[in-house]
Amino acid sequence: MKKLIITAGDLWSDIDILACALAYEQLLRLEGKDARAVLTAPLNLTVTKDIRDLGLDFEQEFHYDNNKVEFIVVDISLPQYYAKFVDLNKVVEVFDHHFYDELGDLKARLGNSCHIEKVGACATLIWEEFQKRGFSKQISPLNALLIYTAIISNTLNFKAGVTTDRDIKASEELIKIANPPHDWKQRYYEQIEESIMKDPITNMQLDTKIIDLKSGSIAITQIELWDSSRFFKSNSDILDNFLYSQDTKFAFITSPSINKGCNYLYALNSQSEELLKSIWPELEFKNKIAQTKKLYLRKEILPLLLNL
Ligand SMILES: [Mn+2]
């Protein structure tokens with residue numbers, strides 16, 4: 001029997017990847033298989049201190065004989081992003097939650113072992129595997145908590161447009177097993193906020209996209225927080241400098257605020273405020289800050305701007 005290596009990409013490992021890899025390792029072992037989670041990429045901000053303190057068990061280096069292993073890839077479907085040690089011919093199963101045209105090949109080769117579905121979190125698919133395969137009662141509280149948190153994180157507490165009924169159902173089932181402290185969600189997002197604040201400029205730059213609109217270039221920075229209003233109000237100097245340094249005609253920060261289920265926007269200048277008002281006339285800016293009616297991801301805002 002070959003050892004089943006569960007892995008993902010090379011750049012970073014987020015909470016969704018972590019939850020998928022650790023929980024799927026448990027499911028395969030419950031089925032009597034020899035499986036190991038190997039995540040060589042560094043854990044990113046979404047794996048917070050509370051989660052790192054849970055005693056996560058996975059390997060950070062790949063040190064197996066390639067002839068004795070097969071690979072299962074989670075949360076990534078494009079082979080060019082797989083960890084370097086993954087031999088594509090030895091990939092036997094893939095889980096992901098997006099649609100790409102390039103998938104044809106993978107789907108043809110893997111058939112039913114290629115699980116690509118439109119759900120908010122890939123980890124939702126792993127929980128559904130526990131249920132389908134009759135092991136839902138055996139999932140460890142730790143793995144239940146990881147999957148639950150991955151769902152909260154990927155769906156922005158169920159407010160993001162990618163959220164499906166399957167994610168909501170999974171989280172309701174898992175919270176009973178995981179039994180987290182009552183303030184788990186708040187602590188999760190506040191710890192992400194603390195990590196961002198250790199180096200706000202670098203972290204914001206990592207999530208900034210510059211796009212050319214008909215009326216000029218725009219920089220859009222996305223930053224997901226527990227309380228975006230508090231963050232904006234107490235960091236205006238840093239935010240002004242950051243937006244100014246983008247050197248674009250328009251610039252704004254869009255920050256889904258998990259506690260309110262809406263976004264706060266921080267605009268560079270009055271032109272940027274006017275541009276945003278042309279998609280949402282109801283916006284009222286005070287000291288460059290305005291609040292939207294519901295929660296939007298940047299990928300939902302972009303088409304609105306491009307249509308102007
Ligand atoms: Mn994911």
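Cys114 is buried, with a relative accessibility of 3%. Buried here means under 20% relative accessible area, exposed means over 50%, and partly exposed lies in between (1.4 Å probe, protein chains only). The model is predicted, so local features need pLDDT of at least 70 and side-chain atom pairs count only at pLDDT 80 or more, while totals for chains, interfaces and linings use all residues. Residues are numbered from 1 along each chain as its sequence is written, and side-chain values use heavy atoms, with hydrogens and water left out.

The cysteines form zero disulfides, a disulfide being a pair of cysteine sulfur atoms within 2.5 Å. Cys114 is in none; the nearest cysteine sulfur belongs to Cys122 and is 11 Å away. Cys262 is buried too, at a relative accessible area of 2%.

A manganese ion is held by protein donors from Asp16 (OD), Asp75 (OD), Asp75 (OD) and His97 (NE2). These lie 2.2 to 2.7 Å from the ion. Donors are N, O and S atoms within 2.8 Å of the metal (3.2 Å for Na, K and Ca); water is not among the atoms, so sites may look incomplete. Along the chain, the donors follow the spacing D-x58-D-x21-H. Asp75 sits in the loop between strand 3 (69–74) and strand 4 (91–96), and His97 in the loop between strand 4 and helix 3 (103–110), so the pair ties together parts that are 22 residues apart in sequence. Helices (H or I, at least four residues) and strands (E, at least two) are DSSP runs, numbered from the N terminus. Asp75 is buried at 13% relative accessibility. His97 is buried at 8%.

The salt bridges number 22. Each is a side-chain nitrogen of Lys or Arg within 4 Å of a carboxyl oxygen of Asp or Glu. Glu117 pairs with Arg166, with the closest N and O atoms 3.0 Å apart. Glu117 lies in the loop between strand 5 (114–116) and helix 4 (122–132) and Arg166 in helix 6 (residues 165–178), so this bridge ties together parts that are 49 residues apart in sequence. Both partners are partly exposed: Glu117 at 30%, Arg166 at 32%.

Arg230 bridges to Glu193, the closest N and O atoms being 3.2 Å apart. Arg230 belongs to helix 9 (residues 228–234) and Glu193 to helix 7 (residues 184–198), so parts 37 residues apart in sequence are tied together. Arg230 is partly exposed, at 38%, whereas Glu193 is buried, at 8%. Lys68 and Asp65 also meet in a salt bridge (3.9 Å, N to O). Lys68 is exposed at 56% relative accessibility; Asp65 is partly exposed at 38%. A network of salt bridges links Glu25, Arg29, Arg36, Asp57 and Glu59.

The largest nonpolar core has 90 residues. Such a core is a set of buried Ala, Val, Leu, Ile, Met, Phe, Trp, Tyr and Cys residues joined through side-chain atoms within 4.5 Å. Leu18, Ile51, Ile147 and Leu174 have the most contacts inside it. Helix 1 (residues 15–30) gives the largest share of this core, eleven residues. Domain 1 (3–188) and domain 2 (199–306) both contribute residues, so this core lies between them. The domain bounds come from an automatic or database domain assignment. Neighbours within four places in sequence aside, Leu18 is in contact (heavy atoms within 4.5 Å) with Leu39, Leu43, Val47, Ile51, Leu56, Phe58 and Leu146. Another core lies apart from this one and has 19 residues, among them Leu213, Ile218, Leu275 and Phe285.
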